[in-house]
Amino acid sequence: MNIKDIIGSFSVIGTNQNADKTEYKGSLYLSLDGNNRIVAKWIIGNTQEQTGIGFFKNNILVINFNYLGYENKIFKGTVVYKCLNKNILEGFWSEDIGNSKFLGTENCFRIKENNIN
């Protein structure tokens, strides 16, 4: 698999970095910048936007992300995905605001485009 194989849109199902493992859903959009780095954009729960830049090697995708949280503070974290194939990413993540005793999880499934003629 190469970096261009994972470009596209994914639906996301995840758990937060807390003892309750609170679940969430959203979308992930992956593209490439001019330097062949991954550009990521998540929309979590239809309201929260997160962005990041990452790199891909040996079917592993690592993205450093950030988002504007409560009290207009910027929060940062890192997500690591194992790319099972070009359609399924299995990951875990941690951010500075999360409970350091836990990791969040995230599974991503490619959204297939409908070809309606």
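The radius of gyration used here is taken over C-alpha atoms, and the globule rule is 2.2 Å times the number of residues to the power 0.38. For the 117 residues of this chain, a compact globule would have a radius of gyration near 13 Å, and the chain's 14 Å agrees with that. The model is predicted. The chain has eight strands and zero helices.

**Overall form**

- From the N terminus on, the elements follow the order β-β-β-β-β-β-β-β.
- Taken along the principal axes, the C-alpha atoms fill a box of roughly 45 × 30 × 25 Å.
- Among the 117 residues of the chain, 34% count as buried.
- The accessible surface comes to about 7400 Å², and carbon and sulfur atoms hold 49% of that surface.
- Of the contacts in the chain with a separation of 6 or more, 35% are between residues 24 or more positions apart.

**The nonpolar core**

- The largest nonpolar core has 23 residues.
- Which of these residues touch the most other members? They are Leu-28, Leu-30, Trp-42, Leu-61, Ile-63, Tyr-81 and Leu-89.
- Two or more core residues come from each of strand E1 (8-15), strand E2 (23-32), strand E3 (38-44), strand E5 (60-68), strand E6 (74-85) and strand E7 (88-95).
- Leu-89 is in contact with Phe-10, Leu-28, Leu-30, Tyr-81, Lys-82, Cys-83, Glu-106, Asn-107 and Cys-108, leaving aside neighbours within four places in sequence.

- The covered face of E7 consists of Leu-89, Gly-91, Trp-93 and Glu-95.
- The uncovered face of E7 consists of Ile-88, Glu-90, Phe-92 and Ser-94.
- E7 pairs with E6 in the antiparallel sense, over eight bridges, and a hairpin of two residues joins E6 to E7.
- E7 is also joined to strand E8 (residues 104-110) by six bridges, and these two strands run antiparallel.
- Trp-93 in E7 has Val-79 opposite, and Trp-93 also stands opposite Gly-104 in E8.

**Cysteines**

- How many disulfides does the structure hold? The number is zero.
- Cys-83 is in no disulfide, and the nearest cysteine sulfur, that of Cys-108, is 9.2 Å away.
- Cys-108 is likewise in no disulfide, and for Cys-108 the nearest cysteine sulfur is that of Cys-83.
- The cut-off for a disulfide is a pair of cysteine sulfur atoms within 2.5 Å.
- Cys-83 counts as buried because its relative accessibility is 4%, where buried means under 20%.
- Cys-108 is buried as well, with a relative accessible area of 0%.

**Ser-27 in strand E2**

- Ser-27 has its place in strand E2.
- Is Ser-27 buried or exposed? Ser-27 is buried, because its relative accessible area is 18% and the limit is under 20%.
- Leaving aside neighbours within four places in sequence, Ser-27 is in contact with Phe-10, Val-12, Lys-41, Trp-42 and Ile-43.

**Arg-110 in strand E8**

- Arg-110 lies in strand E8.
- Not counting residues up to four places away in sequence, Arg-110 touches Asp-5, Ile-6, Ile-7, Gly-8, Ser-9, Phe-10, Lys-86 and Asn-87.
- Arg-110 and Phe-65 are 45 residues apart along the chain, and their C-alpha atoms are separated by 20 Å.

**The loop between E5 and E6**

- Glu-71 is found in the loop between E5 and E6, and Asn-72 lies in the loop between E5 and E6.
- Glu-71 is not a glycine, yet its phi is positive at about 55°.
- Asn-72, not a glycine either, has a positive phi of about 55°.
- Glu-71 counts as exposed because its relative accessibility is 63%, where exposed means over 50%.
- Asn-72 counts as exposed at 63% relative accessibility.

Key. Residues are numbered from 1 along each chain as its sequence is written. This is a predicted model: local features need pLDDT of at least 70, side-chain atom pairs count only at pLDDT 80 or more; totals for chains, interfaces and linings use all residues. Side-chain values use heavy atoms; hydrogens and water are left out. A nonpolar core is a set of buried Ala, Val, Leu, Ile, Met, Phe, Trp, Tyr and Cys residues joined through side-chain atoms within 4.5 Å. Buried means under 20% relative accessible area, exposed over 50%, partly exposed in between (1.4 Å probe, protein chains only). Helices (H or I, at least four residues) and strands (E, at least two) are DSSP runs, numbered from the N terminus. Contact means heavy atoms within 4.5 Å. Two strands pair if DSSP finds at least two bridges between them. Accessible areas come from the Shrake-Rupley method with a 1.4 Å probe; for residues, only the protein chains shown count as cover.
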